[in-house]
Each structure stands twice: as structure tokens, then as C-alpha cells.
Amino acid sequence: MGTKKVKISSVKRAAHLKSKKAPLSKQQQQKIKQKREQLSSKREHGQNIFSQKAHKRDNLAQRKKHNKQQSLGLLRELDADEDGDELGGEQLLDNVADMLDGDDLALLHANKRKRKAKAEPVEEQQQSVGLEMAYATASKKEQAAQKIKVNLLPIKSRDGEIITRTTEVDYVPKPKRKPEVEEEEVEAEEDEEEDSDAVFEDSDDDVVNDEAPVPKQKLVSTTDLLIARQQEIERQKYRIGIICSGILERPEDKMRNINALYELMDEINAETGIPNLLAVRKLAIISITEIFKDILPEYRVGQVDTKMQTVRKATLDRVTFENALLQQFKKFLQKLEQLTGQVNKRGGQKTPQTIKMATVAVQCMCDLLIAHPYFNYVQNIAQLLVYMLNCNYGTMRVAVNQCFRTLFGSDKRLDMTLFIVRRINHLIKSKQNNVHVECITCMMGLKIKHVNLDAEKENELKQKKLESHRQRLLSLSKKERKRRKKLTEVNRELEETRAEENKQTKHHKLTEIIKMVFTIYFRVLKNDPTSRVLSAILEGLAEFAHVINLEFFSDLIDVLNRILEEQDLGYREQLHCIQTIFVILSGQGEVLNIDPIRFYQHFYRNMLVVQAGKNHNDFAIILRTLDEVLVKRRRNMSQQRLMAFVKRLLTGSLHLLHNGTLATLGTIKQTFQLTSVLDALLDTDSTIGSGRYDPELDDPEYCNAASTSLYELSLLARHYHPTVRRMAAHIANGVPASGEGALPTDIGKLNAHELFVQYDSTQMAFNPTIPLPKQGEPKLKRGRHMYLRSDFKQHYVKLLKDARAKRTIAKKNALQLDFLSELSKH
């Protein structure tokens, strides 16, 4: 049996061969990819798909003709006469027909008839292709010139009218996607083109390689930019989170992954060359800071040379990790220093973006200093932060100020505290006191309570006593000496168990700190009393006046008195000066023979400056000074002066908020409990005392406060705050401990400062809470007529009677009366 031949189309045959052939190499895949890109560029440049198919069919017919001629051995003659007419080719076929017979001759005549029948359709097809191309070009030009109307957002005029707007834009047609079946056919035809001769491929190059006009770029709106930015931030957030979680899981193995975060910190990413977003840079800095806060040890890392000494494997791993950690931490600090240097140096780039980055860098350094104050390079961080404490940006100064206050309160070794105070002293000295206030106020956070600066003199006296005691011991017997020696050894061991040596070291550091602080304060007071930091200096002196050396007291009081009288100070600076002086005189300064009458006058004059406005918080300074004047120094004051202070204090309470009024009443209550002289102020008899009370006199000694009474208590008894009413009634009843007018225990045990803080309403919270008012309908009361002229009432009643009579006669329901015309008649 013979095999049956089945004729299949070229497309199916190409698809079959394509599925059977071996996997393509990378070069072949790249070539196919280039072909596809060329084909897609044809479609994008407006090439008509029908003209492309026509060209493909034309090339396919030419290739079939070429193959037939090659099979008949006529290729050479056809190539020689390729541009000849159709008659020459037919003559050649006739010559060949003379040499054939049988089936070959029949086949040759059949091919001849087919060729003649196909010649005319090919010419028609070429003509149709030209028409299609011309139509495609014309339609393309029409689309380019076509305009469409687009509605814009409406606007609102000043009259409230809505105005609609439209505009014309170029028509951009949507790209048409080619069906999958046609794509497969084109791929099969492309495979056939690769197998064919290069002559036919060159015929299309003029069309494919023509430079098409560059398409217009699509306009990007602000919304698209914001969406793209948010997407980029979310992507980088996810990436930073993965990197950080990996480092925290195994910091020993993945320490080098921090370099990826360093690239995100820079303004331009070194790996991609694309600028990093500001939000991404901030996130990278904060993330690295949190990593170091978690993985840094609490101790100081030492340098171990593993090449000079042999160590165990575990020790080697730990040393390697610590060295890598130290290098990465140093690199991070260098980058933070570069960010801060851009805004703090003269030639830096002080743009809004660099200022924001520097603010974040300063905050990160503050967090690292507070979290690990004993690690390596923390002194470098502290030195840079001290320099930033005097920068021109208030946000950075406030952050560093708060950082130093927190560090001073939590530092147990006092090493960093002493270092920072020394650097601040050097900064103020180099700037010649021309620094910002934050450089002084940060030292208010120092925890200096029990420091005796006169300890050196006491130690000298103690040394002399010990020397005389040693001379006595030399004259003792041998047995007594052994006994003394054993007793000394036991005492030394007891001191070691009690950590007495550490206490002495800590006390020595604390003494050095307070000496440095007072050096700063006294330098400013002596050299530049008009400096802008004078208020902070006086506030600091008032805070630490209890530890000043006794030998400085008289000189300091003279300086403060001269500043009060000669300088034009504000009320706040004056109050700080007065507070400092009374703190000195109430402590060790009691031994000094100083008459503070002039300071009483300054304080009495400034007591009414504070009121329920912006300066209400400054009433705390007055409370602290009153505690020194009325409580601690009450025995050194005369009765007239004490009464004058209490009277003016109660007068000022009428102009304060309820927490200031409560603090005032608390101070007066405490003064009433400590002395019985003030009971005369509760008597309303005006015949008691001599003279007349003058509230405008600035001298409390001669204002005759004994001739008045505390009538302000009757006003405070009707205060809006219930606790104020209760406290005023308690003082008016003579501050009884029990019975009528006594205070509850929870209020009576609070002092003036606690009352001022506990009842503060700056956080919009009223203490105690105010109950909601009851809902009810208002009662409508019927009023009565009021007349300016008594004779008008009679005339008015007469007019009403006449109008009612006329209404009755006319039988009308409504009463109408023209008062103006009636009044004009009279």
C-alpha cells in the first residue's frame, strides 16, 4: 500500500514545526523579541494591519514562484531576465515544453494556466494596498487635527454664581489590541520570513525603519504624583521593616545590612542614582536609631587585639561583633554630624529640607544619649549637642534642652553631667555670654540638694584634729597600738561594704558640678548684667541658692540689690532676684547682719503684677517667695509688715484664677495657724488701730494695715469655685481645726503649691467636675407697662376705650388704633 499524501496549509505546517523544534537559545529568544518589538512599533506608528497582510501575501506568492522555477532549473535564466516582461517567461516555458511529454507536460500546462489566471488578481491586490495606505494616512491626519471638548472644574464667583468651563484638547485614540489568533499567524509568518531569502526582507525595511513622529507625552496630574509618592513611601516602609526585623533577629550575622539603610539616608541613592524622598530619609534615620537603641550594650566596648593574643571561639565571635557594631555606630554618627553641619555652619545649605533632616538628626542623637549614656562615642554626641544648644533653630534647642534635663535627672555616675556642664561653660565663655537662654535653663534639671561647698574647710579642721590624735597615739603602749590597728582595719572593711568610697567620689563630682554652675552664673552677673540670659541666671540662683558658699553671700546680695535699683528689669527678673535673696537669708545667711527692708519693699510692690492672664503661671514664683517671707522668716518681721503682706496677698487673689486663689488662701491659712497676730484682721471694727489704711503705699511698714479688715473673704464666699468658697469660709471663721467651718481632710492637708497644681485647669478639666444643669422650660412672666410720662397713661386708657366703643358699633372683631395720629392731635 502506498502512503497517502495530505496537503496542509503553510500556517498549520509552521505551527507544527514550531511545536516540534528544540528549545531556543538566548540569542534566538533575543532575536524573536526584537522582531516582536518591531512589529509592535509598526502598530504604534499607525501601520495598517491590512496593508501588512497584503505585503505578506505578496511576498509569499513571490517565494512560491521562486521555488517552482528553482525546481524546473530555470532560476538562472529568470534571475538574468528578472525585470523582463511576461512574454519572455512564457517563451521559455514553451521551449521547455518541447522537451517534455506525458504527465510532466500536462503539469507544465496546468501551471501555465494558473499563472495567467493569477497575474490579474495580484495587480488588483497591489492597487488595493496602495489605496488602503492612502486612506490610513488621511485618517491619521484627520485624527491629529481633531479636537474634543473636555469639561473643567467649575468656579464660584463672588456673587455665589457657579460658572462652568470647557476647553478643547487633542484627540488621542486608544491603542487597539491585536487578537491572539492574529498574533499567532504573524509569528508563524515571521518564522517563514526567517527561512526565506534576505532579498524579500529588505523590501519592507523602508516602511518599518521610517522615523515616525515622536508621540506627545502624557500629562501627569498632581493627584497622580501624590499617589505615586505614597506608593513609593509604602514600598520603602515595607523594605525598611524587613531589613530592621532581620537585623534585630540576628544582629551578629546581619550587621552589614545596615548599609542598605545608609543608602536611604543619603539625598541621592548611590545604588540606583535616584533621589530619595524626604519621608523615606527620615524613616531610615529613625529606624537605624531604634536598632542601635535595642542592640547597643550598656557597657563601654573595649578594643581587643585578636592577632596578638589567642582567644576562644565564643570570645572571638563576641569581639568581632562588637568591633563591627562599633564601626557601624561610628559611621552612623558621622552621617548625623554631616546633616547637622549643613545648617549650623556658615557655608551650609540652609534649605527647608536640610533643616528638617537636621532636626530629625538632633532628636535621634538625643535619644541615643539618653538610652546609652555610658557607651562609646557618647561624649562626641554630647559635645555636638552642646554646640547645637546655641543654634538658630528653636526646635533643635528645645529638643537638646529637654534631653539634657532628662540626662541630669537620670545620671547616677555623674560623669556625663560633669562633662556636659564643662562644655557649656566653655561655650558661654567663648561666645562672651552672647548665647541663647536654653544654654542656661538646661542646668535647672541638675539634682543638687545636699551639697556642702564648705566641706573643704571642714576637712582641714578635721585633718588637724586627726594629726593631734596621731601624736597622742604615738605615746600609747604597744598593746594599745595593736588594738587601735585592728579597730582601724575593721572600720575600713565596714566602709567598703557600705560603699563609702563611691559616695565620696560621687560627692566630689557633684561639688565640681555646682562649682562650675556658679562660675557661669557669677561671670554673667559680674561682666554682663544686661545680658539676655539674666532672667535664666537669676532663676538658677534662686534654685541653687541654698548651696552657695557663705563667703559669697554679702557680695552676691550687693550685686543683686544694685541690679534691682539700677537695671530696668521686668517683673519676672525682679521676682527671681528677690527670691534668691530671701532663700540666702533664710538658710545659712541668718548669721549675716543684713537688713532686708529694701527687698521687702521690692517684693511688696511686685505682688500685684501677676493676674489671671498670660503671666498667671508666674504666680508660682510669688508662692515660693512667700514661703520664705511669711513662713520661714515670720519671726523676723514686724506685725505691721506681716499684716500688710497678708492684706495685699488677699487683694491680689481677687484677680487670679481659682487655682491661684486657692494657693493664696492656703498660704494665708498656714500663716494664721502659725501666729495669732492676724486675728485682728478678722474684726470689722474700724476703730481698732491708728491711722487709715493706704493700699497704694509701697512701704508695708507704714501702710497701716491694722486699721482694715479682710473684707475680700465676703466676696470669695460667693466665688464660682466650690473649694474657694469653702476655704474662704474656713479663714473667716478663724481657721478652726474642727466643728463649723472646718475643712475636709483631703483639702486641709494640701499646702499652697499642691493646691496651685492640683486645681489647675489649663488642661480644660475642672476640679471638681461641674454637674450638668437640669433641663426645664423657662417660665414666662407677664410684665406690666412702664410709662415715662405720667399724664400719658390717662390719655392712653381713654384712647383704648374710644377704640373699643367704635369697634362695638361697627361690629368688627379686630381692634385698630393709630396712636401716632391721635398723639399728633394733642
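**View 1. A charged end placed over a ring: Arg648 and Tyr604.** The charged end of Arg648 lies over the ring of Tyr604, 3.9 Å from its centre. A charge sits over a ring when NZ of Lys or CZ of Arg is within 6 Å of the ring centre and within 35 degrees of the ring normal. This is a predicted model, in which local features need pLDDT of at least 70, side-chain atom pairs count only at pLDDT 80 or more, and totals for chains, interfaces and linings use all residues. Residues are numbered from 1 along each chain as its sequence is written, and side-chain values use heavy atoms, with hydrogens and water left out. Tyr604 also belongs to a cluster that ring pairs form with Phe582, Tyr600, Phe603 and Phe645. Rings of Phe, Tyr and Trp (its six-membered ring) pair if their centres lie within 6.5 Å; planes under 30 degrees apart count as stacked, over 60 as edge-to-face and the rest as tilted.

**View 2. A charged end over the ring of Tyr374.** Here the charged end of Arg413 sits over the ring of Tyr374, at 4.0 Å from the ring centre.

**View 3. The ring pair Phe292 and Phe332.** The structure holds 11 aromatic pairs. In one of them, the ring centres of Phe292 and Phe332 are 5.6 Å apart and the planes stand at 35°, so the pair is tilted. Phe292 belongs to helix α12 (residues 278–295) and Phe332 to helix α13 (residues 313–344), so the pair ties together parts that are 40 residues apart in sequence. Helices (H or I, at least four residues) and strands (E, at least two) are DSSP runs, numbered from the N terminus. Phe292 counts as buried at 0% relative accessibility, and Phe332 is buried with a relative accessible area of 0%. Buried means under 20% relative accessible area, exposed over 50%, and partly exposed in between (1.4 Å probe, protein chains only).

**View 4. The ring pair Phe619 and Phe756.** The centres of the rings of Phe619 and Phe756 are 6.3 Å apart, with the planes at 40°, so this pair is tilted. Phe619 lies in helix α26 (residues 619–632) and Phe756 in helix α32 (residues 752–758), so the pair ties together parts that are 137 residues apart in sequence. Both Phe619 and Phe756 are buried.

**View 5. The largest nonpolar core and Leu385.** The largest nonpolar core has 157 residues, and those with the most contacts inside it are Phe292, Leu369, Leu385, Phe404 and Tyr521. Such a core is a set of buried Ala, Val, Leu, Ile, Met, Phe, Trp, Tyr and Cys residues joined through side-chain atoms within 4.5 Å. Leaving aside neighbours within four places in sequence, Leu385 is in contact (heavy atoms within 4.5 Å) with Val362, Met365, Cys366, Leu369, Val400, Cys403 and Phe404.

**View 6. Helix α10 and its cover.** Residues buried in α10 are Ile233, Gln236, Ile240, Ile243, Cys244, Gly246 and Ile247. Their cover includes α11 (258–265) and α12.

View 7. Ile274 is found in the loop between α11 and α12 and is exposed, with a relative accessible area of 52%. Not counting residues up to four places away in sequence, Ile274 touches Ile268 and Asn269. His719 lies in the loop between α29 (712–716) and α30 (722–732) and counts as buried at 14% relative accessibility. With residues up to four places away in sequence not counted, His719 touches His658, Val724 and Arg725.
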